[in-house]
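The exercises below are to be worked with the sequence and the model side by side.

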Amino acid sequence: MRAWKTRLAETDWTPWLIIGFAALLRFFLLGIKPPHFDEGINGWFVDQMTKNGFYKYDPTNYHGPLHFYVLFLSQTLFGRNVWALRLPVVLVSISCVWLTLRFEPFVGRPVARLAAIAMAVSPAFVFYGRYSIHEVWLVFFSMLFILGLLGLWKDGTSKYLWCAGMGLTGMILTKETYIIHAGCAVVAIGVCYISNFLSPVPNARPAKQTWDYVDLATVLGTGVVAIVFFYSGTFFHWSGVKGLYQAYAAWFATGSEGHGHEKPWFYWLKLIARYEIPVLIGLVACAFCQFFKNLSLRYIAIYAVGTLLVYSKVNYKTPWCIISIIWPLLFVFAAVPLLAPLKLHRRMYAACGIALCALLGVAIWFAIRKEFYDIWPYVFILGAALLLITLRDRTITYAISALALIASFGSTIWLNYFRCTTDTEPYVYVQTYNDIFKLTRPVLELARRSPVYYQMTGHLVRTSSYPFPWILGDFPRVGYYEHDSLPADLDADFLLVQSDKIKDIEEKLHKSYYTEPLTIRPYQDTSKVYFEANRFKDFFPGRAPDFTGKGPG
């Protein structure tokens, strides 16, 4: 007992507190928002795996197979529900916070812990860490890859060879955009070499590598086997392996054209200025990366800027990609106090002041002449000016960092628990409205009362009805009808009808129904949901049916 007490007393609980707080923010009210459009599609793919026995990789889907196999395992263990759908990504998101702490040997304990706190409370990392999407996996594996590269340079052991190899393997298994991160990581090595040549740092020479060719062959072999195993549909769909290169024809076309998701180059800056104050500070601080006396931090800053530039160039932009861009900037943010006290020559301050005034003038000119009223340029200019001032004193720098974290935490609470389905929030992108609960709650409640109700008949007569095909996947008699296809008998226990088909459908109905308007998600017309009066009368007490059909026959 005394030994346990001694061990507990000697344990450093700070990392566990950070991870625990990250877990709390990600698990709390996890089911508060309905499944996103993409979550519904991902869940539907898992349902197809259940039917087919494997995942059939499609190179035009732009996503690797790993996520679907993990979702399949989660749904098999915990059932078809939103918690089971989101649980794997929540755990990976928490693991990203843990992995941030693993950078301690290369960036220092204070930087690693402050970066972990910033990730734990970041609006983006919490918001998209509660979605069943691929992006969080890409963050985890890209972090593991960069950790491996830094470890090979500083330590040279086989442990970090495995980190780099499995990080790259995981990225390939997750998303085709791995090529951006791998490419930027390689280019950053050359830029970092030039950086060190211009302003050398101590202990910059690479460590002696202690792994051998057997270790390298083992890592490469493991990665190749994993890639072939998953892309081949566990050896049932060998043509899926060709998708490793076939995907890029479609991916480059989508990236350049946008396909409805095109955004201006400054889209990421706009999101950062709105939500991610620590990231904004880190991005501005990248301009001072030459003052870092730690080459790992310089490398991370260079890699971060390179990744941001490439993603800005791609026209196809969806907001969840931001977490793959900004995670290195959290380390730069955490390292800002290391720059203080930074006292530049008066001429340098004068040059910086002139540059900021010039940028302010350009922003005002665009606002007046081009009617460009976005506030993000002013936020960045103000942030740069404040950073120049605060870097003169380390205490003030720590105070600014603390205020930035508090602002980030407040934004996280407001976004994730109060406005998680509000489509005016840029992070809330193509999110399913709470309106779908009008249909799902009565139907699922009946099914919970008795399994007999899983045999209810349902007709969803509209285009793009996701996430309903996944939510109602346990109801075998629910049909989905698009364009001009219709069931032979239109009467059912419940229907969802697209607005332009309501008149035609109602002319052919015979039963009585309760009705409600229902909008699935933004940019869709309002549908009308019908509940057969006898079946659902308990859910509409004291209310007469809203629609009565022609009667029997």
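**Exercise 1. Which residues of the largest nonpolar core touch the most other members, and what does W327 touch?**

Solution. Begin with the core itself, a set of buried Ala, Val, Leu, Ile, Met, Phe, Trp, Tyr and Cys residues joined through side-chain atoms within 4.5 Å, where buried means under 20% relative accessible area, exposed over 50% and partly exposed in between, with a 1.4 Å probe and protein chains only. The largest such core holds 142 residues, and the members that touch the most others are F103, Y128, I322 and W327. Next, follow W327, which touches F103, M119, F125, V139, S142, M143, I146 and Y303 when residues up to four places away in sequence are not counted (contact means heavy atoms within 4.5 Å). A second, separate core of 27 residues includes M456, L460, F494 and V529.

This is a predicted model, in which local features need pLDDT of at least 70 and side-chain atom pairs count only at pLDDT 80 or more, while totals for chains, interfaces and linings use all residues. Residues are numbered from 1 along each chain as its sequence is written, and side-chain values use heavy atoms, with hydrogens and water left out.

**Exercise 2. Describe how helix 9 and helix 16 cross, and which residues meet.**

Solution. Two packed helices are described by the angle between their axes and the distance between the axes. For helix 9 (residues 135–154) and helix 16 (residues 295–313), the axes come within 12 Å and cross at roughly 145°; axes are lines fitted to C-alpha atoms, for helices over the stretch in contact, and angles run from 0 to 180 degrees between N-to-C directions. Helices here are DSSP runs (H or I, at least four residues), as are strands (E, at least two), numbered from the N terminus.

**Exercise 3. Locate the cis peptide bonds that join A340 to P341 and Y466 to P467.**

Solution. Between A340 and P341 omega is about -5°, and P341 lies in the loop between helix 17 (322–339) and helix 18 (346–369). Between Y466 and P467 omega is about 15°, and P467 is found in the loop between strand 1 (458–461) and helix 22 (468–471).

**Exercise 4. Is H483 buried or exposed?**

Solution. H483, a residue other than glycine, has a positive phi near 60° and lies in the loop between strand 2 (478–481) and strand 3 (494–497). H483 counts as exposed because its relative accessibility is 56%.
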